[in-house]
Amino acid sequence: MDTKILSTLEFHKIKHKLVQHAATSLGKQEVERLAPSSDLELVKLSLQATDEAYKADRLKGNAPFGGIVDISAPLHRARIGGTLNPGELLDIASTARGSRRVKKHIEMLHEDDPIPLLHQTSDQLSEHKPLEDAIFECIDDQGEVLDSASVELASVRRELRSGESRVREKLEQMIRSSSVQKMLQDAIVTIRGDRYVIPVKAEYRSHFGGIVHDQSGSGATLFIEPETIVAMNNKLRELKAAELREIEKILQKLTAKAAEHVDDLIYNLELLGRLDFAYAKARMAHELKATLPRMNDRGFIKLKRGRHPLIAADKVVPLDVELGNQYTAIIVTGPNTGGKTVSLKTIGLLSLMAMSGLFVPAEDGSQLCVFDAIYADIGDEQSIEQSLSTFSSHLTNIIRILNSMTSKSLVLLDELGAGTDPAEGSALAIAILEHIHRKDSRIVATTHYSELKAYAYNRKGVINASMEFDISTLSPTYRLLVGVPGRSNAFAIAERLGLDKLIIDHARGEVSEEDQRVENMIASLEEDRLSAESERQSAEMLRREMERQRERHEAEIRRFEEQRDKLLLKAQQEAQEAVAKARKEAEQIIADLRKLAMEEGASVKEHKLIEARRKLDEAAPELAKKKRPASASAGKAAKIEPGDEVAVYSLNQKGTVVDISGSEATVQLGIMKMKVALDDLELVKAGAAVKTQQPKQTSSLKRTKDDTVRMELDLRGENLEEAIIEVDRFLDESYLSGMGQVYIIHGKGTGVLRTGIQQYLRKHSLVKAFRLGEYGEGGNGVTVAELK
């Protein structure tokens, strides 16, 4: 893609926006290399990566890119045998650790919601845990080689500390002496050139044997190494040299280990750069409220409420445009400052963004094309240095475009034919448009010439468009109206501003009758368009409302069916359990009857059969059995008198009341009498039983919360009380999400927040262990908690 076109359409400003969202220098390098592609499949893959990162960022937040740096230079030095310093080795270990964390993060996301392209990239990240451990065991967070790095280093440093202690003790004995103190500028021990010295007044130089290492700016103080400690300082110098040699050995050993994995680590950097780049594109899409466009290579563009990404959201006017289906060229007419140039740039810039794998600020369903090239002649191209006028400069650029374009190109021309005689300019503009149209390129052009309106009207595949102008406010609305040619509003504006009506009428008389008919036709078309637009908006609102109603109705049906299925399943289970219980009890009753028949022969008494039947009835399932309300029962029992015919609920039998005693009644059931509670009886002559009012079933709905659970919680700036509440909520959500380890960022500061949080973690039931962050994790500013 021509770099001049990218500059004209301000694509570099989009890259500047994008680079601010990259978390690592690797991602920023990918942004710098970003350029539109003419390969449809590559564009689709790039957009898929952006879409997956957009979904991942929405669900779980940004991937943990902390601690990842560009280590390519140290790796190349390690490859050729150079020795890396402690800081470079720490960067290698930190980047390797960060790489593992990113890989684990994306694997967890992929398990919950597939993101195949990102997972395929992260799955190629190689792990180097032994190398990480070897470096972190030898070098601390501040880049100092630890005593534990080797036995020899520990021994040398012990001897070195002991020697320094002896030297200090010797010098302190000297400066405590009253005879020496009067010769000292200050009673202190200091260091010059790695050797211990004392500050002596210049006039007492001859009283001290030893070596002068330095003097004050005024010359009044000499820093002298007394002769008695010269040998001791020499010994310390030898020990420090031995320490440096041992540190060099350790660094060479670690560098050799890193050199074994140079190729894998360099490839990791490339993969991490791609992943960070995808997340950066996703975060910019969130910022711009951009959507995924559908891509094609048929030259078809359909923007739904497309917005220029560099204009403030509260000022930009959305653009609706379609190109490449029924017509391949759009001719936009209208006054200056009406928004024609912005419309051109919007179409061109959104096409470049989509061809670069970026989401575009437009509504869902927008479609864009992968062109082989986009050409633009926009703005004042006048060149003083080349002695070119505005017209000549534009024409030179257009000639270059005409020589380079193909049928798969998009051509954007602003103020075509301007800067010369109107008659010749309009004729030249028509000829240029016709040539481009015959090439079958897609074209959007703006112009002031009314002759081009007639050309667009008469030419198949070309359509007029204009920028809407509000006569009532004498200002443009910046809306692009496709299908409506621009009309002259000069007379209307002049009349609104107070120009004498006689002058306006005289001016109208100077306009040809044909031109007046064209203007009247355009005015009529605009009125019809406004009416149709209003009706379309009303129909669209009604359609959306019907769609919402339909969705709610379908959702209610789904909920009803789910609840019905649950109730049926529960009822079936209860019925099976009840039948099994009844069958078991029935078998027991039958066994009892058989035993009774064997004991008493064939003469089984009637009351024994009734009792057995009662037990059998009690064993029957009671799933649909009505329960008699207590209030109704009490009311009926009060009216029962001896001799009444009643129904016994518990036995499902009818009988006659023989006697009533207290709360019980003696009832004749066939040939046997039974005592039955009054609240178990109902008068038969009282009619059918009052329908049992089933208690209302209630159900509790537990709302589940699908929060974006992150692996880290940033508490910097919070007070301790608020931080404890946030930590408690964060630990619960992390535990429920199955995380094994989380990072709590509290900063270093005074240490109050860190101490309070760690005291809280010590007592928390979900925390198995915790520790301060290591190098690359934030050091003392981060607490790493391991969950149970």
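1. By class, the lining of the largest cavity splits into seven nonpolar, two polar and three charged residues. Here Ala, Val, Leu, Ile, Met, Phe, Trp, Tyr, Cys and Pro count as nonpolar, Asp, Glu, Lys and Arg as charged, and the others, Gly among them, as polar. Keep in mind that this is a predicted model, where local features need pLDDT of at least 70 and side-chain atom pairs count only at pLDDT 80 or more, while totals for chains, interfaces and linings use all residues. Residues are numbered from 1 along each chain as its sequence is written, and side-chain values use heavy atoms, with hydrogens and water left out.

2. Searching the whole structure turns up one cavity of 30 Å³ or more, and the largest cavity has a volume of about 80 Å³. (A cavity is a set of points on a 1 Å grid over the protein atoms alone where a 1.4 Å probe fits but cannot get out, and lining residues have an atom within 4 Å of a point; grid points are joined across faces, edges and corners, and the volume is the space filled by probe spheres set on the points.) Among the lining residues are Asp-377, His-394, Asp-414, Glu-415 and Gly-417. Helices α14 (390–404) and α15 (422–438) each supply at least two lining residues, with α14 giving the largest share, four residues. (Helices are DSSP runs of H or I, at least four residues, and strands are runs of E, at least two, numbered from the N terminus.)

3. Now the open four-stranded sheet ordered β20-β21-β23-β22, which has mixed pairing. (Two strands pair if DSSP finds at least two bridges between them.) β20 (712–714) and β22 (767–772) each have a single partner strand, so one side of each is left without a neighbour in the sheet. Direction ignored, neighbouring strands here are turned by 20° against each other on average. (Axes are lines fitted to C-alpha atoms, for helices over the stretch in contact, and angles run from 0 to 180 degrees between N-to-C directions.)

4. Three bridges pair β20 with β21 (residues 741–745) in the parallel sense, and Glu-712 sits opposite Tyr-743 in β21. Helix α22 (residues 720–736) lies across β20, β21, β22 and β23 (782–787), at about 160° to β21. (Contact means heavy atoms within 4.5 Å.)

5. Another open sheet of four strands runs β1-β2-β4-β3, with antiparallel pairing. β1 (190–192) and β3 (210–215) are its edge strands, each pairing on one side only, and the twist from one strand to the next averages 50°. Four bridges join β2 (residues 195–201) to β4 (residues 221–226); Ile-198 has Ile-224 of β4 as its bridge partner.

6. For helix packing, look at α3 (residues 25–32) and α12 (residues 262–288), which meet at about 75° with axes 7 Å apart. That makes α3 roughly perpendicular to α12 (the cut-off for that is 65 to 115 degrees). From α3, Leu-26, Gly-27, Glu-30 and Val-31 make the contact, while the α12 side includes Leu-269, Arg-274, Asp-276 and Phe-277. The contact residues divide into five nonpolar, two polar and three charged.

7. Two residues lie between the strands, and Gly-662 takes a positive phi near 65°.

How values were computed
Angles under 35 degrees count as roughly parallel, over 145 as roughly antiparallel, 65 to 115 as roughly perpendicular and the rest as oblique. On a 1 Å grid over the protein atoms alone, a cavity is a set of points where a 1.4 Å probe fits but cannot get out, and a pocket is an open set with protein on both sides within 12 Å along at least five of seven lines; lining residues have an atom within 4 Å of a point.
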